[in-house]
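Visitor: Please show me the structure, and then let us discuss it by question and answer.

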Amino acid sequence: MIIETKSVSKKVDTSNGELTILHAIDLAIKAGESVAIVGASGSGKSTLLSLLAGLDTASSGQVLIDNVNIGDLDEEQRAKVRADKVGFIFQSFLLIPSLTALENVMLPAELAGRKDAEHQAKELLATVGLSERLTHYPNQLSGGEQQRVAIARAFIGTPKILFADEPTGNLDSGTGSKVEALLFELNREFNTTLVVVTHDQQLATRCERVFEMDAGQLTERAEHVA
């Protein structure tokens with residue numbers, strides 16, 4: 001299993017006392033699988049994604065990434081796991097406005113000290129159909145183009161796991177469908193484990209497995225066929 005949780009719970013203190021966001025979540029995902037997590041706003045989907053990605057820590061239970069219990073790591077060690085194994089795609093793209101498309105994609109590889117950053121970034125931008133947009137800044141790109149830049153950036157580290165939080169949420173349906181197709185194409189090409197949090201049932205049903213989050217409880221949808 002590349003991702004595994006064992007009785008993971010998340011609690012936070014509020015003015016009204018302790019609030020349990022996640023209740024004893026057990027989850028196991030194999031390398032190369034595509035998995036969707038669906039549910040209403042406030043059900044705990046994004047909280048679970050943050051725990052799986054090592055962006056937050058569980059109140060109890062274990063989160064294992066590639067057989068490493070990230071709850072045993074300090075923040076610097078968790079950051080290294082993210083840098084080595086994980087890519088992210090967000091609904092809001094999170095591109096750096098002052099950098100071109102090429103520079104945005106190159107940035108993670110440059111920070112990792114890789115000498116082939118520019119070559120690989122150009123190859124990935126070609127893969128996502130943006131060879132003609134290398135020198136364009138985010139504000140010169142459409143929403144769909146910005147999301148494709150974000151996808152290329154996520155894949156430059158050839159991550160073992162790609163976490164996508166509402167990756168088509170800010171896109172129209174036509175553009176969203178193209179971005180979906182690209183995600184699954186890259187998932188197959190790189191054998192990257194894909195974990196998608198989404199409200200989009202069409203996107204969810206393209207995944208091999210679908211989990212439903214309801215009031216902090218996670219259940220797998222039965223008889224789902226991708």
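Guide: Lys and Arg count as positive and Asp and Glu as negative, while His and the chain ends are not counted. Please note that this is a predicted model.

Visitor: How far apart do the centres of the positive and negative side chains lie in the protein chain?

Guide: The protein chain carries 31 negative side chains and 21 positive ones.

Visitor: What radius of gyration does the protein chain have?

Guide: The C-alpha atoms occupy a box of roughly 50 × 40 × 35 Å along the principal axes. For 226 residues, a compact globule would have a radius of gyration near 17 Å, and the value for the protein chain agrees with this. That value is 18 Å.

Visitor: What percentage of the residues in the protein chain is buried?

Guide: A residue counts as buried when its relative accessible area is under 20%. Among the 226 residues of the protein chain, the buried share is 47%.

Visitor: Are the rings of F88 and F90 stacked or edge-to-face?

Guide: The whole structure contains 3 aromatic pairs. In the pair F88 and F90, the ring centres are 5.8 Å apart and the planes meet at 10 degrees. Planes under 30 degrees apart count as stacked, and those over 60 as edge-to-face. The pair F88 and F90 is therefore stacked.

Visitor: Which residues do ring pairs link into a cluster?

Guide: F90, a residue partly exposed at 26% relative accessibility, belongs to this cluster. The residues linked by ring pairs are F88, F90 and F163.

Key. Residues are numbered from 1 along each chain as its sequence is written. This is a predicted model: local features need pLDDT of at least 70, side-chain atom pairs count only at pLDDT 80 or more; totals for chains, interfaces and linings use all residues. Side-chain values use heavy atoms; hydrogens and water are left out. The radius of gyration is taken over C-alpha atoms; the globule rule is 2.2 Å times the number of residues to the power 0.38. Buried means under 20% relative accessible area, exposed over 50%, partly exposed in between (1.4 Å probe, protein chains only). The place of a charge is taken as NZ of Lys, CZ of Arg, CG of Asp or CD of Glu. Rings of Phe, Tyr and Trp (its six-membered ring) pair if their centres lie within 6.5 Å; planes under 30 degrees apart count as stacked, over 60 as edge-to-face and the rest as tilted.
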